[in-house]
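Please look over the sequence and the structure shown below before reading on.

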Amino acid sequence: MSASPQALREALVALLPRLRRFARALARDVHDADDLVQIAVERALTRSGQLRPDAPLSSWMFGIVRNAWLDELRARGRRARVFAPEESAERVGDASQGGHAEALAVQDALARLPEEQCEAVALVLIEGFSYKEAAHIMEVPIGTLTSRLARGREALQEMLDESGGARR
Amino acid sequence: MSYSEETLMAYADGELDPAARAALEAAMAADPGLAQRVARHQALRARLRAALDPVLDEPLPQRLLESVRGAAAPRPAAKVIPLKRPAAPRWSWPQLGALAASLVLGALLGPLVLHPPAGGGAVITRDGEMLAGGALARALTEELASNRTPGSPVEIGVSFRARDGGYCRSFQLREEKALAGVACREHDAWRLEVLAQSPPQPPAAGGYRPAATALPPSVARTLDELRAGEALDASAEAAARAHGWER
C-alpha cells in the first residue's frame with residue numbers, strides 16, 4: 001500500500017520549501033538549485049512505487065535530491081563547482097537584494113567545501129536531521145557521516161572566521 | 001575530563017544521551033573555556049540556519065509547483081503569501097483550501113487532508129515544518145492516552161518525555177487509510193516528528209486496538225529514538241496536560 005498519487009503530490013508541495021533550502025545549500029545558485037528540486041520531484045513521482053509505506057517521505061525525498069545533485073556534478077565534471085561569471089553576478093544580485101552579505105559569505109563557504117562535507121553539514125546543521133537519518137540519506141555508516149561533519153564544520157569555521165568582517 | 005570536538009559537536013547537534021549531556025553541562029558550568037568551545041559549534045549552526053532559512057519564505061516557483069502537480073494542475077495567479085505568519089491564525093478548511101489552491105503553501109498528507117472532517121486538516125505546515133492541525137492538534141492537547149475519548153478520530157498511543165525534556169505523544173488516526181505518527185510539543189504547536197501510513201490491520205472487534213500495536217516501523221523507531229524513559233503514567237500525563245505540555 002503506498003500513498004495515493006494525489007496525497008504524494010500534496011506532501012511534496014509541503015516539502016518544497018525545505019527541499020529548496022537543501023538544494024540551495026548544495027548548489028548555491030538559485031536556478032541550479034531549483035533545477036535540482038525539479039529533477040528530484042520528477043524522479044520521485046515516477047518512482048513513487050519505491051516509497052515504502054512506512055518510510056518517512058522526507059528522508060526519501062532528500063535522498064533523491066542528493067543523488068540528483070551527485071549525478072549533476074558527475075555530468076559537469078568534478079571541478080565544476082565554479083560557476084560562470086554571469087551566474088555569480090546574478091546570485092550576488094539576489095543576495096544583496098535582501099541585504100545579506102552574511103548569507104552570501106556563508107553560502108560561498110559552503111560551496112567551497114568538498115561535496116561530501118557540504119551535504120553532511122546541510123543535512124544535519126541546516127535541515128536538522130539526526131546523525132542516523134543523515135547517514136541513511138547519504139547511504140554511509142554513521143561514523144563516516146560524523147567524520148565528514150566534523151571536517152566540514154572545522155573548514156567552515158576557518159573560512160567564516162577569516163571572512164568575519166562580513167558579519168559587521 | 002577532556003572532551004573531544006566530536007563530542008562537543010554531538011552536544012550541539014542534540015545527539016548526546018541524557019547522561020552524557022548532563023555531565024557535559026556540569027563541566028561547562030565549571031569551565032568557561034569548554035562552554036566557549038561548545039558555543040562556537042552552536043553559533044555555526046545558527047549562522048548556517050540564518051543564511052539559508054530565508055529560502056523557506058520565498059514564494060515557490062511556478063515551474064516547481066507545476067512539476068509537482070502535473071501538467072493538468074490549475075494555474076493560479078502567482079500570488080505570494082509569506083510562509084512566516086506572525087500570530088498564525090487557526091486555519092479553517094476553506095482557508096487552507098484556498099492556500100493550497102494558490103499553490104503557495106501546501107499542507108497535507110493523507111486522507112484526512114484530502115477529505116477533511118469538519119475538524120480541519122490533520123497536518124499543516126508552518127515555516128517548512130509539519131505541524132498537527134485541526135482535530136489532531138486538539139486531540140494531542142486535550143486527550144489522555146490513559147483515558148481515551150470514545151469516537152475521537154485520533155487515538156493517542158503513549159505520552160513521554162523526549163531527551164530534550166519536551167513532551168511527545170504517539171498517535172494513530174482512525175481513518176480508512178490510517179496514519180500513525182509522533183508529535184512533540186514545541187512552543188504553541190505540535191511538531192510532527194514522523195508520519196506514516198499504518199500497515200493494514202483487521203478491524204478491531206468492537207473495541208480499541210491495544211496501543212502501539214502495528215505501528216509502522218518508522219514510527220516505532222522514532223518513538224524509541226526520541227524517548228528518554230518510560231511512558232508517562234496516568235497521573236503524570238494528566239499533570240503534563242494541566243501544565244499545557246510545557247517542559
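The points that follow are grouped by topic.

The model is predicted, and its scores are ipTM 0.84 and pTM 0.55. Chain A holds eight helices and zero strands, and 43 of its residues are in contact with 45 residues of chain B.

**Confidence**

- The average pLDDT of chain B is 73, and 68% of the residues score at least 70.
- Residues 72–119 of chain B form a stretch in which pLDDT stays under 50, although the model has 86 contacts for these residues beyond four places in sequence.
- A further stretch of chain B, residues 207–212, has a pLDDT below 50, with nine contacts in the model beyond near neighbours in sequence.
- Where pLDDT is low, predicted coordinates should not be read in detail.

**Overall build of chain A**

- Read from the N terminus, the elements of chain A follow the order α-α-α-α-α-α-α-α.
- Of the 168 residues in chain A, 45% are buried.
- Among the contacts in chain A with a separation of 6 or more, 67% are between residues 24 or more positions apart.

**The side of chain A that touches chain B**

- The contact between the chains involves 43 residues of chain A and 45 residues of chain B.
- On the side of chain A that touches chain B, two or more residues come from each of the elements α1 (5–27), α2 (30–46), α5 (101–112), α6 (115–126) and α8 (142–162) of chain A.
- The largest share of this side, 15 residues, is supplied by α1(A).
- By residue type, the side of chain A that touches chain B comprises 25 nonpolar, seven polar and eleven charged residues.

**Helix α2 of chain A**

- The 17 residues of α2(A) should span 24 Å at 1.5 Å a residue, and the end C-alpha atoms are 25 Å apart, which agrees.
- Buried residues of α2(A) include A:Val30, A:Leu36, A:Val37 and A:Val41, along with A:Asp34.
- Viewed down the axis of α2(A), the buried residues lie within an arc of 155°, so they line one face of the helix.

- A:Gln117 is placed in helix α6 of chain A.
- Because 21 other C-beta atoms lie within 10 Å, and 20 or more are required, A:Gln117 is buried.
- Apart from neighbours within four places in sequence, A:Gln117 is in contact with A:Arg148, A:Arg151, A:Gly152 and A:Ala155.
- A:Gln117 and A:Arg153 are separated by 36 residues in sequence, yet their C-alpha atoms are 8.2 Å apart in space.

**Two loop residues with positive phi**

- Most residues other than glycine have a negative phi.
- A:Arg28, in the loop between α1 and α2 of chain A, has a positive phi near 65°.
- A:Arg28 counts as buried because it has 21 C-beta neighbours inside 10 Å.
- A:Glu139, in the loop between α7 (131–138) and α8 of chain A, has a positive phi of about 60° although it is not a glycine.
- A:Glu139 counts as exposed because it has 10 C-beta neighbours inside 10 Å, where 12 or fewer is the limit for an exposed residue.

Methods: Residues are numbered from 1 along each chain as its sequence is written. Chains are lettered from A and ligands numbered from 1 in the order in which they are written. This is a predicted model: local features need pLDDT of at least 70, side-chain atom pairs count only at pLDDT 80 or more; totals for chains, interfaces and linings use all residues. Two residues are in contact if their C-beta atoms, placed from the backbone, lie within 7 Å. Helices (H or I, at least four residues) and strands (E, at least two) are DSSP runs, numbered from the N terminus. Ala, Val, Leu, Ile, Met, Phe, Trp, Tyr, Cys and Pro count as nonpolar, Asp, Glu, Lys and Arg as charged, and the others, Gly among them, as polar. The expected span of a helix is 1.5 Å times one less than its number of residues. The arc is that of the directions from the helix axis to the C-beta atoms. pLDDT is the predictor's confidence in each residue, from 0 to 100.
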